[in-house]
Number of protein chains: 2
Amino acid sequence: MSYSTDPRAARSREAMLAAARDLLVSEGPGAITHQRVAQQAGVGRATVYRHWPRPEHLLLEVMSGADLPLFKNPETPVRPWLRRQLRQMADELAVPAVAAVSLTLMQSAIWDPEIAHRRDESLKTITERIHAAVRSAVASGEVETDAGPTDLSAVLVGPIVYRTTMQNGVVSDDLIDRLIDGVGIWHR
Amino acid sequence: MSYSTDPRAARSREAMLAAARDLLVSEGPGAITHQRVAQQAGVGRATVYRHWPRPEHLLLEVMSGADLPLFKNPETPVRPWLRRQLRQMADELAVPAVAAVSLTLMQSAIWDPEIAHRRDESLKTITERIHAAVRSAVASGEVETDAGPTDLSAVLVGPIVYRTTMQNGVVSDDLIDRLIDGVGIWHR
C-alpha cells in the first residue's frame, strides 16, 4: 500500500476506498476485485493494483479504516456495558458481508504476513480493552475472576465469532449473559 | 466429484486422495493444488480437475474422509470425558495445517453451497454429540444446566476454535476447565 503526497493521487486513493466500501455494502466482499473497484471509482485497473497488489489488502483497509469502537471506554458497572458491547459485536457480525470479510481476512492471514500482523493488532486491542474493563470490575468488587487476558477474550468473543461465522446463527441475549457468567463470580 | 465404477478410475482416485493427504501432512493445505496432486499421484492434471474442479473440494474430501471421532461415545462421569474430547480437539487444531484447512473450508463455505452443506453437517454432528453427553450428565445429576444444544457447542467449542485459528495460541487445561464450568453447575 503506497501513500503519496500528490493531492491527485490522494484523491484517487480516496475514490477507490469509497468505491470498495460501496461494493462491500451493496454486494459483499466478493465484489471487491481490482476490476470492479476500478470501474466504480473511475480509475484504471493498474492504479488499483499499484495501491493494493492483492484484493485482500484493499478489503483489510476498508475493514480496518475506521478505528475499532468496540469495547472502548468501559463504564461502571461493567456488566451491563460488557453486555452492550458483546451485543453490538454480535449484531455487526450478523451482517453476512461482515462475517464473510472477517473470515476472508482470517483465512488470508494464514499466508499473508501483513494481514496476519494487522489481525494480531486488532485481536490484541480487543483483548487489552476487555481485560482492562474486567480488571476494573475486579477492583470495584463487581466480579471475582482469575482469568487471564487471552482467556477472557476467548471465552467472551470466541463463541460469538463461532456462532455468527460458522454456525450461521443468531446470538441471543441469553447466550451473551451465559458468556459473561463464564468470566467468574459476579456480585451485586 | 465424480464416482466411477471403473476399477482403474477408482484406483487413480485413491492415489490422488493419498497424494493430497501426504501433501497436507508434509507441506500444509497450500500444497494441495491440482498440479502438485497430479505430480505426486502420477496422473495428468486434467484427471485431478475432472474429479475435483476446485482444490477446496479436494481439501474438503481429504479432511472429511475419516469419520469424525470427536465427541463420539460419551462416558460416565461426563466431565472427565468432555475434558479429554476438548483437549483432543484443541491438540488437533494446534497443528498449523489443520487450523489452516479448517479456516479455508469455513471461508470457502461462504460462496460454495456444497462446502457449506458439509460444514453444516459436521457442526450439527458435533452439536448433537455434545448435547447428548450433557443431557446424560443432567439425567444422572452430574450437572445442572438449561443451555440448549447450539449454545452448548458455541460455549465449549467456540473459544477453542477462536484460540487456535485466530489468536494463534495454545489452549491450556485451565481454559478447558473454565469452558466446562461455563456449561452450568457441576456436582460431585
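Buried means under 20% relative accessible area, exposed means over 50%, and partly exposed lies in between (1.4 Å probe, protein chains only). This is a predicted model: local features need pLDDT of at least 70, side-chain atom pairs count only at pLDDT 80 or more, and totals for chains, interfaces and linings use all residues. Residues are numbered from 1 along each chain as its sequence is written, and side-chain values use heavy atoms, with hydrogens and water left out.

**Exercise 1.** Classify the partners of the salt bridge between R84(B) and E75(B).

*Solution.* A salt bridge places a side-chain nitrogen of Lys or Arg within 4 Å of a carboxyl oxygen of Asp or Glu. For R84(B) and E75(B), the N to O distance is 2.8 Å. R84(B) has a relative accessible area of 43% and is partly exposed. E75(B), at 43%, is partly exposed.

**Exercise 2.** Determine which helices the salt bridge between D177(B) and R83(B) ties together.

*Solution.* The closest N and O atoms of D177(B) and R83(B) are 3.1 Å apart. Helices are DSSP runs (H or I, at least four residues), numbered from the N terminus. D177(B) belongs to α9 (residues 173-181) and R83(B) to α5 (residues 78-93) of chain B, so the pair links parts 94 residues apart in sequence. D177(B) is partly exposed at 21% relative accessibility, and R83(B) is partly exposed at 33%.

**Exercise 3.** Describe the accessibility of D120(A) and R119(A), which form a salt bridge.

*Solution.* Their closest N and O atoms are 3.1 Å apart. D120(A) is partly exposed, with a relative accessible area of 36%. R119(A), at 9%, counts as buried.

How values were computed
Chains are lettered from A and ligands numbered from 1 in the order in which they are written. Helices (H or I, at least four residues) and strands (E, at least two) are DSSP runs, numbered from the N terminus.
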